[in-house]
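This report is meant to be read with the model open beside the text. Please look at the sequence and the 3D view before going on.

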Amino acid sequence: MIRFTFAGRCSTEDLQDPEASRNWQLTRARALIEPAGGQIVTEYFDIGHSRSLPWQRRPRANDLLQALRNPNRGFDAVVIGEPQRTFYGNQFGNTFPVFVHFRIPLWVPEVGGPIDPDNEAHDLVMSVFGGMSKGERNRIKIRVRTAMSSQAKLQGRYLGGRPPYGYRITDAGTHPNPAKAATGQLLHKLEADPETAPVVLRIFTLYVGTRYIDGMSDEAIARRLDSESVPCPSAHDAARNPHRTKTGWQAGAVRAILLNPRYTGHEVWMSAYTRSSPVAYE
C-alpha cells in the first residue's frame, strides 16, 4: 500500500461550499490513486484562503511543506484533486522542487499519476493549469466588482462595512438572491443618523462659512467641536473603535468628512456613483 496525504484548497472568493469542494477534490484524488494501491491516510486542506497566496502563506499548505522535511512524516506521496485549486500562476515551479528534493512523489489527475520532474510535458501541463488558475481568479474578480458596481449605481445599495459617521444602516427589503433570502439576509441602505447627522451638517456649514463670515479651517472646526463637548467619531462609537484615541476631534477626521462624497448625496463604490440621502448638500 502506498500511503498518501491529500492536499486541496477552497476559498470564499470561489463562492463554493467548503465541504462540497473538499469532497469532489477528494473523490478525484482517490480515483487516481486507489487503482495503484494508494490510500489517503492524512490531508492538508485550506479553507478560506485565496489561490493567489503562496503555499507558505496558506496554513495547511505550509504545514504540508514542513511535513515534507520530517523523515517520520507518515506518508509516502502527495495527491491533489485539481491543479487549478492548488497552484496559481508560477507557484508549481516554486513549490515542486521541494517535493523533488525530499523525494516525495506528487500525483495529479491531469497527468495520470506522479509528476516526472524530468518530463517536459508534465511541466508544461502544470504551467498551463497555473496560468488557467490565475485567469479564472481574474475573471471572478472582474465579475464580482462589476456586479457590486452595478448594485451601487442602479440600486443604491450599501455594500458593506461600517457606516460613515453621520449615517446608520437600515434594512431595504428582502435580498434578491433566493439562497440568501432563505437564510433571512436583507438588503441594506444608509440613512441619516438623527444624533450625528446634525454634527456633519455643522462641519460643512463651518467650513463653507456664510455671506458675512469666512469659512473655518479643519483645525479650527475640530477645536470648535471640542469646545462644545461634541463627542468625536471614535468616542461616539466606542465599542467599534477600541484601538482609536477618544480624546477629541482631530483635523484629519474633519477633513475625511469634508472629502467624502457620500455626505453630498452620492453612494460610492469604486467608480460607481448613485444618488442617496445627503447629510450635507451645497
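The model is a predicted one. It contains an open sheet of 5 strands in the order β2-β1-β3-β4-β5, and the pairing is mixed. The edges are taken by β2 (38-47) and β5 (113-114), each with a single partner strand, so one side of each has no neighbour in the sheet.

Strands of a sheet pair through backbone hydrogen bonds, in a parallel or an antiparallel way. Strand β1 (residues 2-10) and β2 run parallel and are joined by 9 bridges. To follow this pairing at the level of residues, find Ala7: its bridge partner in β2 is Tyr44.

## Helices across the sheet

Helix α1 (residues 18-33) lies across β1, β2, β3 (77-80), β4 (106-108) and β5. Its direction is at about 150° to β2. Helix α2 (residues 59-68) lies across β1, β2 and β3, and runs at about 135° to β2.

## A pair of rings

A pair of aromatic rings is described by two values, the distance of the centres and the angle of the planes. The count of aromatic pairs in this model comes to 8. One of them is formed by Trp55 and Phe87: the ring centres are 5.3 Å apart and the planes are at 10°, so the pair is stacked, the cut-off being under 30 degrees.

Where do Trp55 and Phe87 lie? Trp55 is in the loop between β2 and α2, while Phe87 is in the loop between α3 (83-86) and α4 (91-101). The pair therefore ties together parts that are 32 residues apart in sequence.

## Helix α7 against α8

Helix α7 (residues 197-208) packs with helix α8 (residues 218-227) at an angle of about 135°, and the axes are 10 Å apart. The two helices are therefore oblique to each other. Their crossing is right-handed.

Val200, Ile203, Phe204 and Tyr207 of α7 meet Val254, Arg255, Ile257 and Leu258 of α10. The residues of this contact are 7 nonpolar, no polar and 1 charged.

How are α8 and α10 placed relative to each other? Their axes come within 8 Å and cross at roughly 110°, and α8 and α10 are therefore roughly perpendicular to each other. Asp218, Glu219, Ile221 and Ala222 of α8 make this contact with Ala251, Val254, Arg255 and Leu258 of α10. Here the division is 5 nonpolar, no polar and 3 charged.

Methods. Residues are numbered from 1 along each chain as its sequence is written. This is a predicted model: local features need pLDDT of at least 70, side-chain atom pairs count only at pLDDT 80 or more; totals for chains, interfaces and linings use all residues. Side-chain values use heavy atoms; hydrogens and water are left out. Axes are lines fitted to C-alpha atoms, for helices over the stretch in contact, and angles run from 0 to 180 degrees between N-to-C directions. Helices (H or I, at least four residues) and strands (E, at least two) are DSSP runs, numbered from the N terminus. Angles under 35 degrees count as roughly parallel, over 145 as roughly antiparallel, 65 to 115 as roughly perpendicular and the rest as oblique. A crossing is left-handed if the near helix is turned anticlockwise from the far one by less than a right angle, and right-handed if clockwise. Two strands pair if DSSP finds at least two bridges between them. Contact means heavy atoms within 4.5 Å. Rings of Phe, Tyr and Trp (its six-membered ring) pair if their centres lie within 6.5 Å; planes under 30 degrees apart count as stacked, over 60 as edge-to-face and the rest as tilted. Ala, Val, Leu, Ile, Met, Phe, Trp, Tyr, Cys and Pro count as nonpolar, Asp, Glu, Lys and Arg as charged, and the others, Gly among them, as polar.
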